[in-house]
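Here are a few friendly notes to read alongside the model. Please keep the 3D view open as you go through the points.

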Amino acid sequence: MNKKAVTSVKILNIIGTVFFLWGIAAVIDNIFKVNTGIAPVLWMSYISLILLGIGILRKSASLVASQIAIIFIPYLFWNLDFFHHLITGDSLFGITDYFFIPGVLSGKIITLQHLFNIPLSLYSMYLIGLKSRSFPIVSMIQVSVVFIVSRLVTDYDRNVNCVYHNCANFTFGLPYMAEWFLAQFLMILITSWFLIKIFYKKEK
C-alpha cells in the first residue's frame, strides 16, 4: 500500500469513527431525556449517522451512498434554514426553529452534525470509490421500514421522522402518507442519480 493509500485509510478511519461515536452519543443523549421512549433510536439522522460511520470504517461505498441518498436533500434544506435563521433571525422553512430556542446544550451540539455530515460523507465517497449502482434500493427499503416502525411505536406529538405531519412550514396538498413517500423516493432518486454520475466507476 503506497503512502497516499495509507493516508486515505487513516482519514477514512477518523471520519468513520467520528460519525459512529457521534451517532451513538446522539442516541444515548436522547435516551436519558425524560419521556423520549424509543424515539431517539428511530430518528433517521441518527440511524444514517451511525450507518455512515460503519460504512466508512468498512470502506463500503454502497452503504455510504445509500445513506447520502437519504439525507442529502433534507440536509440541504436544514442548512438553508439554519443559516437563514442565524443571519436574519427569521425562520425560513421552520425546520431548525428548535435550535434557536432555549434548550439543553448537548442536543444543540449533537445536531451540528448537519453542518459537516454531507461534505465529509462525499469526501469519503470520493476516497472509497463507488462501484455499485444498486444502493438506492437499500435507501428506499430503509426509509420504508423506518416510516412503518415510527408510526407503530411513536405518537403524533413526537412526530419522529415527520411521519405524522410535515416538519417544515409548507405542504404539497396531497394525502400526507403519499406526500411523505413521494418526497422521500424522489429525493433518493435525484441524489442517487448525481452520486452515480459523479462517483460511479465500473470495476475493471
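1. A term to start with: a crossing of two helices is left-handed if the near helix is turned anticlockwise from the far one by less than a right angle, and right-handed if clockwise. By that rule, H4 and H8 make a right-handed crossing. Helices here are DSSP runs (H or I, at least four residues), numbered from the N terminus.

2. A word on the basis. This is a predicted model, where local features need pLDDT of at least 70, side-chain atom pairs count only at pLDDT 80 or more, and totals for chains, interfaces and linings use all residues. Residues are numbered from 1 along each chain as its sequence is written, and side-chain values use heavy atoms, with hydrogens and water left out.

3. Back to the helix pair. H4 spans residues 61–88 and H8 spans residues 176–199; they pack at about 120°, their axes 8 Å apart (axes are lines fitted to C-alpha atoms over the stretch in contact, and angles run from 0 to 180 degrees between N-to-C directions). On the H4 side, the residues in contact (heavy atoms within 4.5 Å) include Ala65, Ile68 and Phe72, and their partners in H8 include Met187, Ile190 and Leu195. By class, this contact has 11 nonpolar, two polar and no charged residues (Ala, Val, Leu, Ile, Met, Phe, Trp, Tyr, Cys and Pro count as nonpolar, Asp, Glu, Lys and Arg as charged, and the others, Gly among them, as polar).

4. Next, the largest pocket, with a volume of about 1,700 Å³. A pocket is an open set of points on a 1 Å grid over the protein atoms alone where a 1.4 Å probe fits, with protein on both sides within 12 Å along at least five of seven lines; lining residues have an atom within 4 Å of a point. The volume is the space filled by probe spheres set on the points, which are joined across faces, edges and corners. Which helix gives the most to this lining? H8 does, with eight residues. The lining has 31 nonpolar, 13 polar and six charged residues.

5. Of the 50 lining residues, those closest to the centre of the largest pocket are Trp43, Ile95, Asn161, Cys162 and Cys167. Cysteine 162 and cysteine 167 also form a disulfide, with their sulfur atoms 1.8 Å apart (the cut-off is within 2.5 Å). With -110° about the S-S bond, this link is left-handed.

6. Finally, the second largest pocket has a volume of about 190 Å³. Helix H6 (113–128) and H8 each supply at least two residues of its lining, and H6 has the largest share, four residues.
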